[in-house]
Amino acid sequence: MREKTAQEVYDFFLADGEFKINEVDFSLIRKMRNAAVENAEYIEFLLKQQIVNWRVIYTLYYDVLRELCEALIKCNGIKISNHQGCFAYICIKFPELELDWNFFERIRNTRNRNKYEGKDIIQQDWKEIQLQLHLYVSTIKKVLEEKLNETEDQQKDD
């Protein structure tokens, strides 16, 4: 079965009405960003422990990335509850970030196989995505901070 492109997934969810217009609530976006950052810091603490559960690390970091992506989407006044649709939106609407759709699909599929099929996640699975995942989290966090700072600056000018 052929993998769908980000554009195909985006078009499907758009046609299906899954992208909902939502009020832009920068207070909520800031809370989402802060929670994701705190979670990422806690994951880094977990990684320093003597015993590490790689499934927990992988899925927690996946959730950090997803939450940051959802917060970024909310900056555009959009809401979607589907992870694949969320990642497709990010790839299509933020092409300047040069994020790899196949990477999003890879981590989403690994997480889903674990959650819904019981397939374990091992250290090697984490090692294969760790650098790119950290880069994506950092990139999206930076864009969110820029958008939040722009909003604060605009509010000061008003």
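**Notebook: salt bridges, rings and cysteines**

I began with R66 and E70, which both lie in helix 3, four residues apart, about one turn of the helix. Helices here are DSSP runs of H or I with at least four residues, and strands are runs of E with at least two, numbered from the N terminus. I noted that this is a predicted model, in which local features need pLDDT of at least 70 and side-chain atom pairs count only at pLDDT 80 or more, whereas totals for chains, interfaces and linings use all residues. Residues are numbered from 1 along each chain as its sequence is written, and side-chain values use heavy atoms, with hydrogens and water left out.

**Entry on confidence**

I looked up the pLDDT, which is the predictor's confidence in each residue on a scale from 0 to 100. The protein has an average of 94, and 96% of the residues score at least 70. Among the elements, helix 4 has the highest mean pLDDT, at 98, while helix 6 (residues 123–157) has the lowest, at 90.

**Entry on salt bridges**

I then searched the whole structure for salt bridges, and there are five; the term stands for a side-chain nitrogen of Lys or Arg within 4 Å of a carboxyl oxygen of Asp or Glu. One of them joins the side chains of R66 and E70, at 2.9 Å from N to O. R66 also meets D63 in a salt bridge, with 3.5 Å from N to O, and these two residues of helix 3 (residues 54–75) are three residues apart, again about one turn of the helix.

Which of these residues are buried, and which are partly exposed? Buried means under 20% relative accessible area, exposed means over 50%, and partly exposed lies in between, with a 1.4 Å probe and protein chains only. R66 and E70 are both buried, R66 because its relative accessibility is 16%, whereas D63 counts as partly exposed because its value is 27%.

In helix 5 (residues 101–117) I found R108 and E105, and because they are three residues apart, about one helical turn separates them. Their salt bridge has its closest N and O atoms 2.8 Å apart, and both R108 and E105 are buried.

**Entry on H83**

I looked up H83 next, which has its place in helix 4 (residues 83–93). This histidine counts as buried because its relative accessibility is 18%. What does H83 touch, apart from its neighbours within four places in sequence? Its contacts are Y62, R66, R108 and R111, where contact means heavy atoms within 4.5 Å. The side chains of H83 and Y62 are also joined by a polar contact of 2.8 Å. A polar contact is a pair of N or O atoms within 3.5 Å; within protein, one must be able to donate a hydrogen and the other to accept it, and residues adjacent in sequence count only if both atoms are side-chain atoms.

**Entry on aromatic rings**

Rings of Phe, Tyr and Trp (its six-membered ring) pair if their centres lie within 6.5 Å; planes under 30 degrees apart count as stacked, over 60 as edge-to-face, and the rest as tilted. I looked up the total, and the structure holds 10 aromatic pairs. Y10 and Y89 form a tilted pair, because their ring centres are 6.1 Å apart and their planes stand at 50 degrees. This pair links distant parts of the chain, since Y10 is in helix 1 (residues 6–15) and Y89 is in helix 4, 79 residues apart. Y10 counts as buried at 9% relative accessibility, and Y89 counts as buried at 5%.

F12 and F13 form an edge-to-face pair, 5.2 Å centre to centre and with 80 degrees between the planes. F12 is partly exposed at 45% relative accessibility, whereas F13 is buried at 7%. I also noted one aromatic cluster, formed by Y62, F87, F103, F104 and Y136.

**Entry on cysteines**

How many disulfides are there? A disulfide is a covalent bond between the sulfur atoms of two cysteines, and the rule applied here asks for a pair of cysteine sulfur atoms within 2.5 Å. By this rule I count zero. The sulfur of C86 has its closest cysteine sulfur in C69, and because the distance is 5.0 Å, it is too far for a bond. For C75 the closest cysteine sulfur is also in C69, but at 12 Å, which is again too far for a bond. C86 counts as buried at 0% relative accessibility, and C75 is buried with a relative accessible area of 13%.
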